[in-house]
Amino acid sequence: MSGTRFQYDESGSTFFYFLLSFEALVVIPCTYYFYPRSSTRTEKREKTLCNCDHCRIKACRLRLKEPWRKAKERLIKLLLFIGWVALALTAYKVTHLQHDYVAYDPFEILEIEADASVAEIKKAYRRLSLIHHPDMETGDEKKFMMIAKAYAALTDEEARKNWQVYGNPDGPQAMSFGIALPSWIVEKNNSVFVLGLYALVFMVALPVTVGIWWHRSVQYGGEQVLLATTQLYLSFIYKTPHMIFKRVIMILAASVEFRRQYNSEIIERPSDNVEVPLLIKELPNLGEKNKERPLCFSYSIKARALLHAHLHRMKLPSSNLEEDQMYIVKKCPTLISEFVQCASQMTMLALAGRISRIPNLDTIENAMKLSACIVQGLWDNKSPLLQLPHINEDMLRHFCTRKRNIRSIRQLACMKEDDRKNMLRNLTADEYSNIMNVVGRMPIIDVIVKIEVEDDEDNSTITAGAFVTVTANLTRSNMATLFDSLNDDSVDCVEEKDETPGVTEEIQKPKSKTSDKYKKKKGKGSSKLKKKTFSYKVQVAAKKSDHENHLKNGILHRPKDEEKASDDSAAESNDDESGTNSGHSGSEDRDHDSRKDNKHEKEEDEEWEKFQAKVSKRDKILEGKSRKSHPVHCPFFTDEKEEFWFVYLCDRKRHSLITAPYLVTNLVSKEEVELKFTAPEKPGIYTYSLMVRSDSYLDCDVVKTIKLDVKEAKEVDLSKLQWDVSEEEEEKDEEESAVEDSDLATDDEIDDD
C-alpha cells in the first residue's frame, strides 16, 4: 500500500494497553461467576437441617465433601487474586508510560510564548543555536535540527502553512499503523517459537476442545439427560402405555446414565458379583427374572435393587453400595422429569393422531409420585406421616384410634396443641419441637383458577374447538398457619372453598383399608346424623363469621320482606319526587357523561394493565426459569433439594392428559401458570381436573375440579365481516379502480370503431 508505513511497538507501550483490556475482559467476569459464595450455602443448610438422627448423618456426609470444596474455593480465590494483581500492575504501567506521539509545537521547542513577535523568535533561535550547534562543545545535532525546523515553521510562509494544516512543517506525511505487539515477536530468531505456539493453540488445542465439547453436547438433551435414555423411555412408554408403580422403577433403573459404557462416573467392582445377589435375596418382588432388554442387564438389576433398598430404608452391607446408591438416587429427580416429558409428548402426539397408543394418565402420575417417594425414601403405600422425624411405624397406631383418625400431616397440624401433645406424649420436648418445626415449614398450596377464551369477542363463553387458556395462580404458605387455627371440637380442619364458579377444590388424602372397614361396620343412621350435625355446625360458624364481617364493615342485612317493602316505598317516593327533580336533569346528564368517561378510562387502564402483564410474562420467559424455591426436609435423599411442582390439566374419566405438565421451579410465595388447550369439538359439559403435584413431598397434592360448558360454535357470516383497511390502501384501490375503468372505456371505444 503506497503512502503507508507499518511499525511494531519497539518500546511496548501500545502492547500494555492491549494487555490491560484483555486482562479486564477475563478477570472481571471470572470474579463475578466463579468467586465462591460459601456463606449463603452454609446458612441455607443450617435452615434446612433438623436435629433428628438421619439429618445429622446427612449433615456429616455433606461435610465430608467440605475439604475438597474448600480446597477448590481456595484455589479459585488464589487464581483470582493473581489475576487482579496482574491487572493492577498493568494499569500502573500504563499510567506511567511515555507517549511516543506528541503534538508538534514550534513555540515549545524555541522556549517562547505563542504570542511572541518575529524579533523574539529570531532572538530565541540565535540563543539556542549557540548552545546546540554541532560545532559547539555542548552541541546536539538532533536538537539543532528541531530548532531550525521550528524556526522555519514560524518564519517561512509555506512551512507555517503546512504546520497549521497538516501539523508538520514538511507537509503531509505517510500514514503509519502501529501494531500492539513488540518487535521481538517477528524477529528471525524467535519466529520458530512464535509459530509453534500459534500452531499449538489454534491448530491443536482449540479444535480438540471444540471437538470434545461437541461430542459430549450431542449426546445430551436439554435437561442434561442422555438422548439414549430419552429413546429408551419413549420406546417403553409406547410399548406399555399403562405402567404400574414398580414398572416405572424398572424403566428408571434401566437408564443408560447408570451404565459404564455411557457414563464414566459409574464404577463396576468385582465385589458387586457377591454383594448385589445377597441384596436381591432380601428384597421382595424385585422382578430380577424379567427377560426384557435392557431390564435384564446387570447394571439395570443393580440400580433397581438399590432403589428398592432406598425406598425400604434398608441398611446396605457395604460402603461401596452406599456410594453407588447415593449417586443413583441423586440422578433420579432429573430422570423422572425427563420421563414425564416423554410421556406427555407422546400423549400430545396421540391426541394429534400421529401415533396409535395413548399413554395412560396413571403412568405419568406414578412417575410423579415416584419422585416424591425417592426424595423421602418411602413406598407409595406407606403413611405420609413417616416423612416427619422421630415417627416410625410403631407410633402410627397412636394416630389412628376411635377418638382420632389422623392420617395426614395437614390433619396433624390442625389438631389442638393439647391433643397433639397428648398423642405424642412418648416423645421428649426436643423431639416434639423438632417435629413441629418440620411440620411448620411444609407447604400449603392455594390455587385460584381463571378460564378464558382467547381471540374471541366473549371471553367467558367456550365454544367447540375454541382455544382455551386456564390460568392457575399458585400461592404457597407454610403449614405453621394451621397451628391451633380452629377452636371447634367437632371440626379438626375445615378447608376454604373457592368462589370461582364451576371450580371445586380437593386435597388428596391417602386411602386406608381400615377406615373403609370402620365405615362399613357403622349403621346408616349414625352416618346421616353425623353429617347433619357437621353441616349444621359449619353453617352456624359461617353465619357468625358473616355477621361479624358485616358489623366490621358497618353493614347489617335486613330480612328479605323488609328489603322488598323498603324498595317499594323508595320507588313511590321516587315517583312523587320526579316532578321536582326535572330541573336537575341537566346536571344528571353531565354526571352520566362523566360516569361514561370514567368507565372508558377504567377500561383503558385495564387494557394497559393486561398489556403490561403480557410484557412481564414475556420478560420472565426470556430470563429463563429460576430454580430457587423452599428447601425440602429429606434426610434420606443424597443432596439438598428444592420444592418443585407439576401443574397440569387431565381428564379423570378417560385417564388422559389435556395439557402437558408444567414444572414450577420458583414457587417462593406466588406464581402464575398458564395451561392452553383446544376445547372439545362436541358441545356439552366436560369435567376436568387441575392437578398440582409435589415432586418432593407426599400428601401435599391439590386437585381443582373444573367444569367446562362447551357450546356450539357460531356460524360466521362472511358478508358481515369488516376488514380494517388504512386510508392509503383505500386511495390506492380507488386509483387502481379508476385506471381499470379508463382502460375499459378505451377498449369499448375501440370496439365501437
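In helix α17, Glu 417 and Lys 421 are four residues apart and are therefore separated by about one helical turn. The model is a predicted one, and in it the side chains of Glu 417 and Lys 421 meet in a salt bridge, with 3.9 Å from N to O. Glu 417 also forms a salt bridge with Arg 420, where the closest N and O atoms are 2.6 Å apart. Both Glu 417 and Arg 420 belong to helix α17, which covers residues 417–423, and they sit three residues apart, about one turn of the helix. An α-helix has 3.6 residues a turn, so residues three or four places apart point the same way. Side chains of opposite charge can pair when their charged atoms come close.

The surroundings of these residues can be described by their relative accessibility. Glu 417 counts as partly exposed at 24%, and Lys 421 is likewise described as partly exposed, with a relative accessible area of 44%. Arg 420, by contrast, counts as buried, because its relative accessibility is 0%, and buried means under 20%.

The count of salt bridges in the model comes to 18. Another of them joins Asp 324 to Lys 302, with the closest N and O atoms 2.8 Å apart. Asp 324 lies in helix α14 and Lys 302 in helix α13, residues 298–312, so this pair ties together parts that are 22 residues apart in sequence. Asp 324 counts as buried at 12% relative accessibility, and Lys 302 counts as buried at 14%. Asp 324 and Lys 302 also belong to a network of salt bridges that links them with Arg 269, Asp 272 and Glu 323.

| Asp 324 | Lys 302 | 2.8 Å |

Helix α15 can be followed from end to end. It has 16 residues, 361–376, and reaches 23 Å from its first C-alpha to its last, which is close to the 22 Å expected at 1.5 Å a residue. Just after the helix, Gly 377 takes a positive phi of about 70°. Of the 16 residues of α15, 14 are buried, so the helix is largely enclosed by the rest of the structure.

Which residues touch the most other members of the largest nonpolar core? They are Leu 388, Phe 399 and Leu 474, in a core that holds 125 residues. Helix α14, residues 319–351, supplies the largest share of this core, with 11 residues. When neighbours within four places in sequence are left aside, Leu 388 is in contact with Ile 409, Leu 412, Ile 435, Val 438, Val 439 and Met 442. A second, separate core has 12 residues, including Ile 109, Ile 147, Ala 150 and Leu 154.

Two further residues show contacts between parts of the chain that are separated in sequence. Thr 347 lies in helix α14 and is buried, with a relative accessible area of 0%. Its C-alpha atom is separated by 9.8 Å from that of Pro 241, although Thr 347 and Pro 241 are 106 residues apart along the chain. With neighbours within four places in sequence left aside, Thr 347 is in contact with Ile 358, Pro 359, Ile 364 and Leu 657.

Leu 279 has its place in helix α12, residues 272–282, and is buried, with a relative accessible area of 3%. Leu 279 and Leu 306 are 27 residues apart in sequence, while their C-alpha atoms are 8.4 Å apart in space. Leu 306 is also among the contacts of Leu 279 beyond four places in sequence, together with Ala 305, Ala 309, Met 314 and Leu 316.

Finally, an unreviewed UniProt entry places the feature "transmembrane region" at residues 15–35, 75–92 and 192–214. In the model, residues 15–35 are 95% helix and 0% strand, and the end C-alpha atoms of this span lie 29 Å apart. Residues 75–92 are 100% helix and 0% strand, with 26 Å between the end C-alpha atoms.

Key:
Residues numbered from 1 in each chain as written. Predicted model: local features only at pLDDT ≥ 70, side-chain atom pairs only at ≥ 80, totals over all residues. Heavy atoms only, no water. Helix = DSSP H or I, 4+ residues; strand = E, 2+ residues; numbered from the N terminus. Expected span 1.5 Å × (residues − 1). Buried < 20%, exposed > 50% of the residue type's maximum accessible area, 1.4 Å probe, protein only. Core = buried A, V, L, I, M, F, W, Y, C linked by side-chain atoms within 4.5 Å. Contact = heavy atoms within 4.5 Å. Salt bridge = Lys/Arg side-chain N within 4 Å of Asp/Glu carboxyl O. UniProt positions renumbered as here; feature names shortened; annotations may be inferred.
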